[in-house]
Amino acid sequence: MMITDVLNEALKPLNISNDEFSELIIRLLDYGVINRDESQVETVLYDRYVQCSDIVLEYLSVLKITVQHDARFCFIRAFPPGAVVPGLPSDEDSAFAGGFRVRPNQQEVAVILVLRVEYEKSLREGKVDEKGCVLISMEALVIALNNLLKRSLPESLFERKTIFKHIRQLRLIKIKNELDLETDDGWISIQPSITSFVSDDVLSALYPAENSGNVELADVAVDELALEGQQ
């Protein structure tokens, strides 16, 4: 029996067609993440995943791809073979740790790490909304980026928008208006999925750097995340 026939038999009781299943798999592998609150398309795909999650997991297990599902905040993230998955034991025998698509560059990684630190702070202080999101002003982000990593955002608005566009594509932030990127008065919503993107080990490496002002230690954390190959 061909794999398509087996898949058909498994999906039939769920009223999910092969095309619909393929759409879900392709989107998950293409983007690496599906967030129910992101759009109507991702709402449909997330709900479809919930229907057929066992089939998706079995299907992708052949490729050694791990899927993490956060039912509380309604997002799923796919990790390539060898990637470190927060909350799950690592596979030391995995053949490689490459990503599905282009990895974030160092500028993007630096911003992601600072966003993760700010998210953790707000989480500890209870400054998280009912969807697990945290608001941060551009001004606060710029200050934190300088304090923690001694870095700054690009002067070029185009470069700045490119950085946040990619981070948004990773479903780590939401920006209501692109004008928020042009002024310190703008706001960014950090999504709870950032906790599955930056491992606890990387995060813990940042806190000593934050407390001691050790830029070299912080740079190590930037390099670690850049090499993890989560995307």
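Buried means under 20% relative accessible area, exposed means over 50%, and partly exposed lies in between, with a 1.4 Å probe and protein chains only. The model shown here is predicted: local features need pLDDT of at least 70, side-chain atom pairs count only at pLDDT 80 or more, and totals for chains, interfaces and linings use all residues. Residues are numbered from 1 along each chain as its sequence is written, and side-chain values use heavy atoms, with hydrogens and water left out.

View 1. Helices (H or I, at least four residues) and strands (E, at least two) are DSSP runs, numbered from the N terminus. Of the 231 residues in the protein, 46% are buried. Contact means heavy atoms within 4.5 Å. Among contacts between residues at least 6 apart in sequence, 65% join residues at least 24 apart.

**View 2. Here helix 2 packs against helix 3.** Two packed helices are described by the angle between their axes and the distance between the axes. Axes are lines fitted to C-alpha atoms, for helices over the stretch in contact, and angles run from 0 to 180 degrees between N-to-C directions. Helix 2 (residues 18–31) and helix 3 (residues 40–61) pack at about 95°, and their axes are 9 Å apart. That angle makes the two helices roughly perpendicular; angles under 35 degrees count as roughly parallel, over 145 as roughly antiparallel, 65 to 115 as roughly perpendicular and the rest as oblique. On the helix 2 side, look for E20, F21, E23, L24, I25, R27, L28 and L29. Helix 3 brings V41, E42, L45, R48, Y49, C52, I55, V56, Y59 and L60 to the contact. By class, these residues divide into 13 nonpolar, no polar and five charged. Ala, Val, Leu, Ile, Met, Phe, Trp, Tyr, Cys and Pro count as nonpolar, Asp, Glu, Lys and Arg as charged, and the others, Gly among them, as polar.

View 3. A salt bridge is a side-chain nitrogen of Lys or Arg within 4 Å of a carboxyl oxygen of Asp or Glu, and the structure holds ten of them. In this one, the side chains of E23 and R48 meet at 2.9 Å, N to O. R48 counts as buried because its relative accessibility is 10%, whereas E23, at 40%, is partly exposed.

**View 4. Now find the open sheet of three strands, in the order 1-3-2.** Strands of a sheet pair through backbone hydrogen bonds, either parallel or antiparallel. Two strands pair if DSSP finds at least two bridges between them. In this sheet the pairing is antiparallel. Strand 1 (33–35) and strand 2 (66–70) stand at the edges, each with a single partner strand, so one side of each has no neighbour in the sheet. From one strand to the next, the twist averages 10°. Helix 2 lies across strand 1, strand 2 and strand 3, at about 110° to strand 1.

**View 5. A closer look shows the hairpin of strand 2 and strand 3.** Strand 3 (residues 75–79) runs antiparallel to strand 2, and five bridges join the two. One place to start is T66, whose bridge partner in strand 3 is F79. Four residues lie between the strands, and C74 in the turn has a positive phi of about 60°.

**View 6. Helix 4 and helix 5 are another packed pair.** Helix 4 (residues 106–125) and helix 5 (residues 138–149) meet at an angle of about 105°, with 10 Å between their axes. They are therefore roughly perpendicular to each other. A110, V111, V114, L115, V117 and E118 in helix 4 meet L141, A144, L145, L148 and L149 in helix 5. This contact has ten nonpolar, no polar and one charged residues.

**View 7. Finally, E42 and R171 form a salt bridge.** Their closest N and O atoms are 2.6 Å apart. E42 belongs to helix 3, while R171 is in the loop between helix 6 (157–169) and strand 5 (173–174), 129 residues apart. Both partners are buried: E42 has 0% relative accessibility, and R171 has 6%. Through salt bridges that share partners, R27, E38, E42, R168 and R171 join into one network.
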